[in-house]
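Me: I've got a model open and I'd like to learn how to read its packing. Can you walk me through it?

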Amino acid sequence: MHGEYKVPGGKLVVVDLDVEDGVLRRVRVAGDFFLEPDDAFEVLSHALEGAPADTDTAGLAARIDAALPEGTVMYGLTSEGVGVAVRRALAHATDWTDYDWQLIHESPQSPALHMALDEVITTEVAAGLRPPTLRVWEWAAPSVIIGSFQSLRNEVDPDGAARHGIEVVRRISGGGAMFVEPGNTITYSLSVPEALVQGLSFADSYAYLDDWVLGALGDMGIKAWYQPLNDIATDAGKIAGAAQKRMVGPGGGPGAVLHHVTMSYDIDADKMLEVLRIGREKLSDKGTKSAKKRVDPLRRQTGLPRETVIEKMIDSFRGRYGLTAGKVTEDELARAQELARTKFGSAEWTGRVP
């Protein structure tokens with residue numbers, strides 16, 4: 001069995017192993033990480049030899065930590081990362097480069113249609129009818145997108161939204177409200193087979209699916225990192241938030257994961273505060289008393305036009321994993337338009353949690 005895992009912000013860990021009589025055998029850890037002293041390298045593999053195959057990531061990491069020589073230094077590597085690579089090997093997880101990735105980047109769409117396209121495209125990936133897809137959004141109108149389980153009245157000031165002509169829609173994933181204006185926001189979705197995140201915890205899958213964009217930002221001179229559970233942050237503040245939805249495949253089989261991210265290229269903070277009801281409790285866990293300081297836009301940090309930032313992100317993805325141009329099919333668009341009309345554009349769905 002073979003498993004790979006790139007430690008978020010670190011290096012690649014590769015594990016090859018067999019399972020005999022319910023325990024790990026012939027474990028071999030490798031990768032492009034750094035490790036001192038040299039003797040510690042063999043310990044990584046030996047510590048896992050004979051471990052029960054159902055040992056979770058924390059248990060595998062504990063075996064490694066207990067066996068490593070005192071003073072061991074790991075750079076680009078963690079004991080938990082080795083554990084994840086083992087779990088991915090056992091789960092027969094796939095890798096990014098196992099797929100022919102498709103890019104969708106089309107003309108601006110309405111907020112409700114974007115919600116519907118996410119559902120339709122990810123359902124198609126779950127059914128094996130479309131390849132894994134990176135979809136970059138273009139917005140036709142300003143919007144507030146609330147999470148699947150948020151209270152509408154608690155999150156949005158209806159008077160402020162009406163005054164600024166902002167449409168409110170509800171997405172299928174959890175998480176918090178996002179304030180979006182067409183020229184100020186960069187949004188993308190990844191619709192990926194469930195096999196890509198096999199062996200990862202729910203939290204680890206966020207970091208794993210965000211790692212490529214951290215590299216893209218780094219190429220633009222921005223040192224960014226994943227901040228649990230679902231933020232991308234820099235020294236200057238938060239720049240993006242992610243959300244996920246898991247979809248079951250046909251007949252209850254392996255499905256797909258929708259992972260979408262909204263990034264702040266620029267922001268009208270005063271308008272945002274008139275539209276969103278951002279309470280003290282939400283601010284308290286961010287270590288700031290001002291909602292304006294919670295988000296630091298990419299425009300200030302990069303000095304690049306929005307279109308250039310998007311282009312560099314796409315180029316970075318293509319360079320890592322390959323990416324061919326695609327489009328929303330006529331059938332997908334028709335289904336999405338119907339969903340936008342009957343579900344995502346309806347008062348019943350938007351107000352399902354009043």
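This is a predicted model: local features need pLDDT of at least 70, side-chain atom pairs count only at pLDDT 80 or more; totals for chains, interfaces and linings use all residues.

Me: Which hand does the crossing of helix 4 and helix 12 have?
Reply: The crossing of helix 4 and helix 12 is right-handed.

Me: And what else do I need to describe a helix pair?
Reply: Two packed helices are described by the angle between their axes and the distance between the axes. Here, helix 4 (residues 111-126) packs against helix 12 (residues 330-344) at about 125 degrees, and the axes are 8 Å apart.

Me: Are helix 4 and helix 12 parallel or oblique to each other?
Reply: Angles over 145 degrees count as roughly antiparallel and 65 to 115 as roughly perpendicular. Helix 4 and helix 12 are therefore oblique to each other.

Me: Which residues meet there?
Reply: On the helix 4 side they include Leu113, Leu117 and Val120. Helix 12 brings, among them, Leu333, Ala336 and Phe344. Sorted by class, the contact of helix 4 with helix 12 has eleven nonpolar, two polar and five charged residues.

Me: Let me try another pair. How do helix 2 and helix 3 cross?
Reply: Helix 2 (residues 57-67) and helix 3 (residues 79-90) cross at roughly 130 degrees, and their axes come within 8 Å. So this pair is oblique too, and its crossing is right-handed. From helix 2, Thr57, Leu60, Ala61, Ile64 and Asp65 make the contact, with residues of helix 3 including Val82, Val86 and Arg87. By class, six nonpolar, three polar and three charged residues take part in the contact of helix 2 with helix 3.

Me: Now the strands. How do I read a sheet?
Reply: Strands of a sheet pair through backbone hydrogen bonds, either parallel or antiparallel. In this model, three strands form an open sheet in the order 9-8-10, with mixed pairing. Strand 9 (167-170) and strand 10 (178-180) are at the edges with a single partner strand each, so one side of each has no neighbour in the sheet. On average, neighbouring strands of this sheet are turned by 20 degrees against each other, direction ignored.

Me: In what sense do strand 8 and strand 10 pair?
Reply: Strand 8 (residues 143-146) and strand 10 pair in the antiparallel sense, over three bridges. For a spot to look at, find Val144, which stands opposite Phe179 in strand 10.

Me: Which strands does helix 4 touch?
Reply: Helix 4 packs on the sheet and touches strand 8 and strand 9. The direction of helix 4 makes about 15 degrees with that of strand 9.

Key
Residues are numbered from 1 along each chain as its sequence is written. Side-chain values use heavy atoms; hydrogens and water are left out. Axes are lines fitted to C-alpha atoms, for helices over the stretch in contact, and angles run from 0 to 180 degrees between N-to-C directions. Helices (H or I, at least four residues) and strands (E, at least two) are DSSP runs, numbered from the N terminus. Angles under 35 degrees count as roughly parallel, over 145 as roughly antiparallel, 65 to 115 as roughly perpendicular and the rest as oblique. A crossing is left-handed if the near helix is turned anticlockwise from the far one by less than a right angle, and right-handed if clockwise. Contact means heavy atoms within 4.5 Å. Ala, Val, Leu, Ile, Met, Phe, Trp, Tyr, Cys and Pro count as nonpolar, Asp, Glu, Lys and Arg as charged, and the others, Gly among them, as polar. Two strands pair if DSSP finds at least two bridges between them.
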